[in-house]
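I opened the coordinates to look up a few things about the fold, and I am keeping my notes here in the order in which I checked them.

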Amino acid sequence: MKAFDHILMAHGGGGQLMDQLLNEVVRARVGNEILAQGMDSGILQTPAGRLAITLDGYVVTPPFFPGGDIGRLAISGTVNDLAVCGARPLGIALGLIMAEGLERSILERVMDSIAATAREANVKVVTGDTKVVGRGQCDGLYVTTAGIGEVPAGLILGHAEVRTGDKILINGFIADHGLAVMLAREMPHLTTPIRSDAAPLNGLIEQVLESHAKVRFMRDPTRAGISGLLADLARASRRRVVIEEECLPVRRETRHAAEMLGLDVMEVANEGKVVMVVADEDAGKALTAMRSHPLGKDAAIIGEVTDVTDGLCELHTTSGGRRVVQKPLGEQLPRIC
Amino acid sequence: MSSGRTTISEVTGRLGAAAVRLRAPAAFMEVCGTHTVSAFRCGLHSMLPANVKLLSGPGCPVCVTAQGDIDLMVQAAELPGVTFCTYGDMLKVPGTHGSLDAARGRGADVKIIYSTLDAVKWAADHPKQHVVLGAVGFETTTPATAAAILEADRRRLSNFSVLASHKVLLPALRALLDDRQIQIAGLLCPGHASVILGSEAFRPLVDDYGFPCVVAGFEPEQMLAGIARLTEMVATGRPELDNVYRQVVKPEGNPLARRIIANVFEPAPANWRALGVIPGSGLAIRPQFSRFDATLRFELVAKDAPEPAGCRCGQVITGRCTPADCGLFGTRCTPMDPVGPCMVSSEGSCAAWFKYGPSVAVQPAQEAMR
């Protein structure tokens, strides 16, 4: 069959051309024994306990940015959504929606990244779907991933588990992903040291859970930044959560870029961070476990849960002031002076 | 920031000592959107003594732009064949018939730019489109608009024009001080605009009005140092001009930037939200660059547009009330669905108040527990 450089409508038609695309570009990279069965579903062994299922769509533009790309994001995001619920990923379903005319090399780069990230997360792509839409009907390439995972027996996480005195931990520097993408999108000519933190966190999270630290709640601070996560945590647990700004890990260059764009680093997206609420007496143990993982070497305890029941998140600022942290409202706009 | 703590405790100590000597409570005004945001972000209001207050003045360029000028931008954006370039903050400011964002939804070509030269470049690359640059701001952003016009002139572009609503700070401050109802004890002068204007620009406010003025930077300790100096001046009854941002702001400012402004613009009256028309407080494009003036090119005429009913943005930016005093605040007017410009701009007092909560009202956790 003739080699192809660009995606054609026929590549989504379910015929021989689609087989060629799947074999040469997809299966060559993410193939495994489950996918090789060629069934309409990936067949997995069921564990005895509870299952977690999650789904996410990825439409980021540009598709490649410093530190990551849409493929790395698609695997990391879904693995992390499972992992923060305490689930061990069992398999990933991968959906590709491509615009007619998409360059094969772009798809290959994205598939390379999906394969590499899946290996890093030790998870398999067990089923998938491919569609091609007309030119202009989608912006190049959209990726959807669904994940299924196994929740260990006895692990209960949630806002309801949060107790007074619990400590709040994060595994490293905030705001890198959002700023890396925003700078790549808005100022493509700028060279910047800021790189997306997109990474699968299941290894790090497993390491903390294996330390037997009593973890009450976990979430990844993605689109609404840590502000959104912490405001939700305070409201849903009906406790005042106090955060020490001085303890928040923020890279110097990230802070400067945020200031330049008039953004609040606490409201900027992360893709390789997890915020954990851990029982006071186990906070040290959890921190040590986090720091012994490469994705957690800059981990820090950033605050605690108090017994005030007003459901507010309070920030003690570096300069000694106090203020409320609220969930961001919508898209952030750059300032004008 | 590493030495921030010691400096902060020093300045809060000085501020506290001066505040004890005040005979009456003192309210100071910051006239810079960046000061407003910085103060709210670091919880500065929670660090002030009980008898010292900081209010927001007319320092947010979006907030002082008259409704009629916003309408003009929407009108220009909706002209066929026009690509309207502007700063992100302008996008959601509601005019009489909706915002630029709404116009974009109706099909207008509106682009967000970070640099005025991007608009010029875009015009050069798209000769079939006419690019209108919608520009607002004080002395901080005016040089960039002037530079864009000079660059368009150098490139001999015929498809580029500017809809400028630039303002000059000093005449507005004078107008504010001429109003005897204003109860402001001193001015925290803007760090950015002063880089261009120079600290000496504020001397007439001290000489003519006996009004304490201190130029300050944007770090919390710099702002607190400015407020401490103002409080000392009020406590001792000796109004002065001081500059606690000397590493950046020179007495003479940046004459080159002012020359670029003067080459392209000439003084003109300007309509300010809440303050009305103030002679000499605006800038018009000079006749030799009139081909870059979008109002002439497209015969755009600003109409008087009433400000939205119930909106107290005007009183907020003149220190007459706080955002929370406005009946629309947080109910009818929120950042998601703003009524007035102070809620739209990220540097607006209402938006900062809404977002960071009135930090003064947050009880410390220890006290709240009791």
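Residues are numbered from 1 along each chain as its sequence is written, and chains are lettered from A and ligands numbered from 1 in the order in which they are written.

**Helix 5, chain A.** Helices (H or I, at least four residues) and strands (E, at least two) are DSSP runs numbered from the N terminus. Helix 5 spans residues 176–186, and eight of its 11 residues are buried, so the rest of the structure largely encloses it.

**Chain A as a whole.** I counted nine helices and 13 strands in chain A. Its radius of gyration is 21 Å, close to the 20 Å of the globule rule for 337 residues, so chain A is as compact as a globular protein of that length (taken over C-alpha atoms; the rule is 2.2 Å times the number of residues to the power 0.38). Of the 337 residues, 50% count as buried. Among contacts between residues at least 6 apart in sequence, 85% join residues at least 24 apart (a contact has C-beta atoms, placed from the backbone, within 7 Å).

**Confidence.** The pLDDT (the predictor's confidence in each residue, from 0 to 100) averages 93 over chain A, with 98% of the residues at 70 or above. Over residues 333–337 of chain A it is below 50, although this stretch has 23 contacts beyond near neighbours in sequence in the model. Where pLDDT is low, the predicted coordinates should not be read in detail.

**Sheet in chain B.** I traced an open sheet of four strands with parallel pairing and the order 4-3-5-6 (a pair needs at least two DSSP bridges). Strand 4 (109–112) and strand 6 (160–166) of chain B each have a single partner strand, so one side of each lacks a neighbour in the sheet. Strand 3 (residues 82–86) of chain B is joined to the parallel strand 4 by four bridges, and B:Thr83 has B:Asp109 as its bridge partner there.

Technical notes: This is a predicted model: local features need pLDDT of at least 70, side-chain atom pairs count only at pLDDT 80 or more; totals for chains, interfaces and linings use all residues. A residue is buried if 20 or more other C-beta atoms lie within 10 Å of its own, exposed if 12 or fewer, and partly exposed in between; C-beta atoms are placed from the backbone. Two residues are in contact if their C-beta atoms, placed from the backbone, lie within 7 Å.
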